Amino acid sequence: MGFVLSGFSEVDWWMGLGGYALLVVGFVGHVIINRMFHTGFSSGEIALGLVVFGVSALSFIGSWALDPSFGRVSLGIGLTGFAAMTACLVCYLVIGYGLRGSYQLIHSMRGR
């Protein structure tokens, strides 16, 4: 996370992307370890992930809208990071539940 924050503060494209790459590698490692031990994410981990994603999205949008020094590089770092996190979520759903199971899971959540 330090690389991501340094990428934003120093307007360094590669440092920000390197930070997101490390976060993706950590998530992939977590998924692999969960599969090796036949466990999944706990409800607390899922809730924490959703809260952190939501707060970071709101912070990013607020910074983009209210900070006049928020430039193109920072916008690119943020959008790339959110795209990477969304791709991780989709990959996790497909790995954990399969294509059909993922669709059924999301579809059943919409019906509640």
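User: In which element does Val24 lie?
Analyst: This is a predicted model, in which local features need pLDDT of at least 70 and side-chain atom pairs count only at pLDDT 80 or more, while totals for chains, interfaces and linings use all residues. Residues are numbered from 1 along each chain as its sequence is written, and side-chain values use heavy atoms, with hydrogens and water left out. Helices are DSSP runs of H or I with at least four residues, strands are runs of E with at least two, and both are numbered from the N terminus. On that numbering, Val24 lies in helix 2.

User: Is Val24 buried, partly exposed or exposed?
Analyst: Buried means under 20% relative accessible area, exposed means over 50%, and partly exposed is in between, with a 1.4 Å probe and protein chains only. The relative accessible area of Val24 is 27%, so the residue counts as partly exposed.

User: What distance separates the C-alpha atoms of Val24 and Gly81?
Analyst: Val24 and Gly81 are 57 residues apart along the chain.

User: How far apart in space are Gly18 and Leu66, C-alpha to C-alpha?
Analyst: Gly18 is placed in helix 2, and it is partly exposed at 30% relative accessibility. In sequence, Gly18 and Leu66 are 48 residues apart. Their C-alpha to C-alpha separation in space is 26 Å.

User: How are helix 1 and helix 2 oriented relative to each other?
Analyst: Axes are lines fitted to C-alpha atoms, for helices over the stretch in contact, with angles from 0 to 180 degrees between N-to-C directions. The axes of helix 1 (residues 2-9) and helix 2 come within 7 Å and cross at roughly 160 degrees. Angles under 35 degrees count as roughly parallel, over 145 as roughly antiparallel, 65 to 115 as roughly perpendicular and the rest as oblique. The crossing angle therefore makes the two helices roughly antiparallel.

User: Which residues form the nonpolar surface patch?
Analyst: One member, Val28, sits in helix 2 (residues 13-36) and is partly exposed at 40% relative accessibility. The patch has about 520 Å² of accessible area together, computed by the Shrake-Rupley method with a 1.4 Å probe and, for residues, only the protein chains shown as cover. Its members are Val28, Ile32, Ile33, Met36 and Phe37.

User: Is Phe70 buried or exposed?
Analyst: Phe70 lies in the loop between helix 3 and helix 4 (72-110). Its relative accessibility is 17%, so Phe70 counts as buried.

User: What is the C-alpha separation of Gly62 and Tyr103?
Analyst: Gly62 is in helix 3 and is partly exposed, with a relative accessible area of 26%. Gly62 and Tyr103 are 41 residues apart along the chain. Their C-alpha atoms are separated by 32 Å.

User: What percentage of the residues of the protein chain count as buried?
Analyst: The protein chain has four helices and zero strands, and its C-alpha trace spans about 45 × 35 × 25 Å along its principal axes. Of its 112 residues, the share that counts as buried is 19%.

Definitions and conventions. Patches are made of residues with over 30% relative accessible area and no salt bridge: like charges are joined within 9 Å, nonpolar side chains (Val, Leu, Ile, Met, Phe, Trp, Tyr) within 5 Å. A salt bridge is a side-chain nitrogen of Lys or Arg within 4 Å of a carboxyl oxygen of Asp or Glu.
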